[in-house]
Amino acid sequence: MLTAYLCLSACSEQKSHTAPAVHDRDSASMMVSYGVNTLISDSGVIKYRIVTERWDVNTIKNPPRWTFEKGIFMEQFDPSFHIEGYIQADTAWYYDQQKLWELRGRVYIRNVNGLVFRSEELYWDGIRHEFYSYKFSRVTTPERTMEGTFFRSDEHMTRYEVTNSVGSFQQSDMEGEEEQAEAPATATPADTAAAPPVRKAATRRAATQKSTYQQ
């Protein structure tokens with residue numbers, strides 16, 4: 001009888017199930033949202049729409065960041081709330097203090113002018129208002145296709161440059177270059193203006209050829 005009583009007491013005893021303590025304080029996000037479809041404003045003007053499966057906000061990590069591990073789709077709007085273009089990526093991080101986006105995976109951009117950009121990496125500098133990438137990139141427009149290992153562009157993808165580039169051109173493009181070669185060389189304001197430096201180390205940019213276009 002004593003043995004049966006001890007067995008019954010052991011079976012009825014409840015155990016508390018607790019998770020292990022989180023020792024790395026910066027590993028816990030301040031906010032985690034699922035199924036996000038939201039508008040983002042800048043200075044009171046709606047500029048972006050973000051659609052993502054998961055959005056983590058961590059203010060403890062150095063530097064603080066937003067994390068989109070499940071991918072991101074983002075639309076850009078002009079002041080009249082017309083769509084200027086959209087951006088897709090498999091993974092993204094936004095460092096809010098630096099206003100810097102880091103996009104990874106299958107990065108895809110398309111704007112209203114028909115330009116399409118593809119790469120595995122892209123940085124978006126919100127302070128200098130420019131895009132840049134150190135990975136192999138492909139830029140396709142209705143007139144030409146360019147590929148190279150370094151890419152930089154303004155925020156609207158209307159003026160861009162590709163280095164270490166190869167690509168295809170229309171015959172009219174080549175004829176225009178030949179006419180320019182025969183004419184005396186003159187510097188334009190765009191040629192003489194110094195381009196702002198990118199945030200990554202300049203030593204990573206080993207360019208042997210450079211092509212710059214303005215739409």
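## Nonpolar cores

The largest nonpolar core holds 28 residues, and those with the most contacts inside it are F68, W101, L103, F117, L122, F131 and F151. Such a core is a set of buried Ala, Val, Leu, Ile, Met, Phe, Trp, Tyr and Cys residues joined through side-chain atoms within 4.5 Å; buried means under 20% relative accessible area with a 1.4 Å probe, protein chains only. Two or more residues come from each of β2 (45–58), β3, β4 (72–77), β5 (83–89), β6, β7 (100–111), β8 (116–125) and β13. Apart from this core lies another of six residues, including Y95, L100, Y123 and F150.

## Basis of the values

The model is predicted: local features need pLDDT of at least 70 and side-chain atom pairs pLDDT 80 or more, while totals for chains, interfaces and linings use all residues. Residues are numbered from 1 along each chain as its sequence is written, and side-chain values use heavy atoms, without hydrogens and water.

## Aromatic pairs

There are 16 aromatic pairs, with ring centres within 6.5 Å (Trp by its six-membered ring). The W66 and Y94 rings have centres 4.9 Å apart and planes at 55 degrees, so this pair is tilted (stacked is under 30 degrees, edge-to-face over 60, tilted the rest). W66 lies in strand β3 (residues 65–68) and Y94 in strand β6 (residues 91–95), 28 residues apart.

Strands (DSSP E runs of at least two residues, numbered from the N terminus) β12 (residues 150–154) and β13 pair in the antiparallel sense over four bridges; pairing takes at least two DSSP bridges. F150 stands opposite T163 in β13. Four residues separate the two strands of this hairpin, and M157 in the turn has a positive phi of about 55 degrees.

How values were computed
Buried < 20%, exposed > 50% of the residue type's maximum accessible area, 1.4 Å probe, protein only.
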